[in-house]
Amino acid sequence: MQLAYTEDERRFRDELRAWLPGALAQMPPVRPEHDLVARRAYDVGWQRLMFEAGYAGIHWPREHGGRDATPSEHLVFLEELSAAGAPQEGANYVGLLHAGPTLIAEGSPAQQAEHLPAILRGDEVWCQGFSEPGAGSDLASLATRAVREGDEYIVTGQKIWTSHAVEADFCELLVRTDTEAPKHKGITWLILPMRSPGVEVRPLRTIEGTDEFAELFLDEVRIPVDNRVGAENDGWRVAMVTFSFERGTSFVSQLLESMRDVRDLVAACHALPARGATVWDDPGVRREAGAIAAEFDGLWALTQRNVTRATRGVVTPAGGSSFKLQYAEACHRLGDLSLRVLGNAGLVVDEIESLANGRLVRSAMHAFGVSIAAGTSQIQRNIIAERVLGLPKEA
Amino acid sequence: VDLDLDADQIALQDAARKLCEAQFTSEVVRGFGAPGGFDRGRWSQLCALGTFALALPEARGGVGLTIVDTVLVFEELGRGLVPGPLVASQLVAGVLPGVVDGERVVTIVEDGAGVLVAEHLDVADDVVIVRADGVWRVGASEVVAQPSARAVDPTSRVSVVEALPVGERIIGPDERAPWRTTGSLLVAALQLGVGSAATEVATAYALERRQFGRAIGSFQAVKHMLADSFARTEVARAAVYAAAVRAADSAPGGAFSSRALSSDEARAARAAASARVLAEHAAVANAKTAIQVHGGMGFTWEMDPHLYLKRAWALESMCGGADDAALAIAHDLAASI
């Protein structure tokens, strides 16, 4: 066991450190929050800069425009971007981390040629049409119907939690093509061009007050059969293939942000008065802050362990689900302490001087994003109990 | 970055586990807590396998490995509920003669802790006293103490100390903090093993015990508790291993340092503190879950789950607890803003 980085990894880190300041100087200072068109421009602008420097999709295979980066190099990459305050994937998330890898694994050469370079360049924004009002944790029960008519599927149904749907060009869409088969066996994976007639997008405001989410209404939308990825009724397997791209790095950027939150909270504790001294003079607050930092330290170590295993080709639910479950708990714990410590400053989301109160309050809300999205904590517990500990399913 | 065991380390842990399973059964472990029950034969066997010599240089009769390997073995000793002064023996392995091979038994006391309770004092030859100005040694016979008839942890005899002589200083004030940090990391390794084993026995019981016509482990109310135990252990294990690697990097061969803390040492101290917080919580919370999952049987003396909780409790007070560790992390956080 060793925590040192290899010579190559250190060189890669130096290269990133040399490049990042100049690249970031070309970006607007703040990411637009409510103007979705401006926000897309910001996100794809950053993607374009990364593309031009050869850093777009570094974890993708070389033959598809990536750099074949190992999970360990990917970790270095995310660490340096976070340290430099670089933008996160934003609108490019689904394309880079989900739709792109799925097309690499299962797409036809024509589909790959059309979409992969465009995703890397930041020319194409993708969204995900998986969940439905009636199909959340039980995703395989999805009911959006696709009926084959000649060279087209006619698709009708409703999708939800579709992040960036307003700005997206394409949607990775799961539809039901066989209503008679068992639920996992009648699903098909389609590429939906978002400008197709019959597609309606309605923004959905989150508890954080932002419009990242949307609902997607599909009314007899015609999608060419050529847009199908994989075989008809094999869409569940195609969708799951993406998870095999998981290499322990999914939450690295978020974890580093959480560690920054802890530093911001400690600074706020020093600035806020309490009982004739500062909040930081309260040993109860210091202990809780220390214990939360310990959780994030441990999660960082677990990330390093998971990345080690992924580099050797081993990815287990033990590592991934344990990480997600404990990370969600730690985020909630940090949120609880933030609101307790901030007092009145926790009543406003606008930043007050240098308190980072807005950032901390929003992280407290975002903790639910961690414990609900991408498999709720309840589902993670089922996965650990059933697939790792070998306990039987609930009857 | 490589935070997974290599083949040698897997073999080492495997050997330690086999030894624990063969030599330290529940019956044997319980026997250690009876008056005169400390089994010096088994203790010597444990020592003879090089348990406390792993991280000592070969020139000093050691195996020449690092604290990483010691931590891996300690995880197994924790899992096996192996009794005896494990942490004290490891901490003075290169300092006091006769400890590594089990000829002399040492125990450890933190002076200034209010009530002073020493484990295994009745069989100890030496007592190591941690004070603000360093670490001191006295002969066990010089310590005035009353053996307790009922220790909380039934696997360890304890004595309430009434008077401690000054003794001779074996570790100076500058080396005291890193020495205690090493001790805390070893405690964390034991706690990791306790938390891990508690999850395993509870999972086995949840698979076997049937109510309402099915295994209780099928109910989400039960399986979610066990999943939490498992996840806590995974994070704690990563933290303990990372802290061990940091400790080995900052002090090769386990040498103590009297210099001002280097950045490596500061990182090692932070990592050890995080490991302690997480492992201590995993040990206590998972042991409690194990008792709860066993239901009424978990409340009996006969079943083992209470041994895990009581060992977890006993370890809490050793070399500073999770609260001290959390405050140390807070100090580190404040220094970095």
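Is D2(B) buried or exposed, and what is its relative accessible area?

Analyst: D2(B) is buried, with a relative accessible area of 17% (buried is under 20%, exposed over 50%, partly exposed in between, with a 1.4 Å probe and protein chains only). This is a predicted model, in which local features need pLDDT of at least 70 and side-chain atom pairs pLDDT 80 or more, while totals for chains, interfaces and linings use all residues. Residues count from 1 along each chain as written, chains are lettered from A and ligands numbered from 1 in written order, and side-chain values use heavy atoms, without hydrogens or water.

Where does D2(B) sit? It lies in the segment before α1 (7-23) of chain B (helices are DSSP runs of H or I, at least four residues; strands are runs of E, at least two; both are numbered from the N terminus). D2(B) then contacts M1(A), Q2(A), T308(A) and R312(A) (contact means heavy atoms within 4.5 Å). D332(B) is 330 residues away along the chain, and the two C-alpha atoms are separated by 25 Å.

Next, the helices of chain A. Helix α8 spans residues 283-311 and helix α9 residues 317-342. Their axes come within 10 Å and cross at roughly 160° (axes are fitted to C-alpha atoms over the stretch in contact; angles run from 0 to 180 degrees between N-to-C directions). α8(A) and α9(A) are therefore roughly antiparallel (over 145 degrees; under 35 is roughly parallel, 65 to 115 roughly perpendicular, the rest oblique). From α8(A), the residues that take part include V285(A), E288(A), I292(A), F296(A), L299(A), L302(A) and R305(A). The α9(A) side includes G319(A), F323(A), Y327(A), C331(A), L334(A), L337(A) and V341(A).

α9(A) also packs on helix α10 of chain A, residues 357-372. Here the angle is about 150°, with the axes 8 Å apart. That makes α9(A) roughly antiparallel to α10(A). In α9(A), the contact residues include K324(A), Y327(A), A328(A), C331(A), H332(A) and L339(A). Their partners in α10(A) include N357(A), L360(A), V361(A), A364(A) and F368(A).

Now the rings. The structure holds 17 aromatic pairs over all chains (Phe, Tyr and Trp six-membered rings with centres within 6.5 Å; planes under 30 degrees apart are stacked, over 60 edge-to-face, the rest tilted). One of them is F296(A) with Y327(A), edge-to-face, at 6.2 Å centre to centre and 65° between the planes. F296(A) lies in α8 and Y327(A) in α9 of chain A, so the pair ties together parts 31 residues apart in sequence. F296(A) is buried at 1% relative accessible area. Y327(A) is buried too, at 1%.

F52(B) lies in the loop between α3 (40-48) and α4 (67-79) of chain B, and F74(B) in α4, so the pair ties together parts 22 residues apart in sequence. F52(B) is buried at 1% relative accessibility. F74(B) is buried at 0%. Ring pairs link F52(B) and F74(B) with F24(B), F32(B), F38(B) and W43(B) into a cluster.

Methods. Lists of a residue's contacts leave out its neighbours within four places in sequence.
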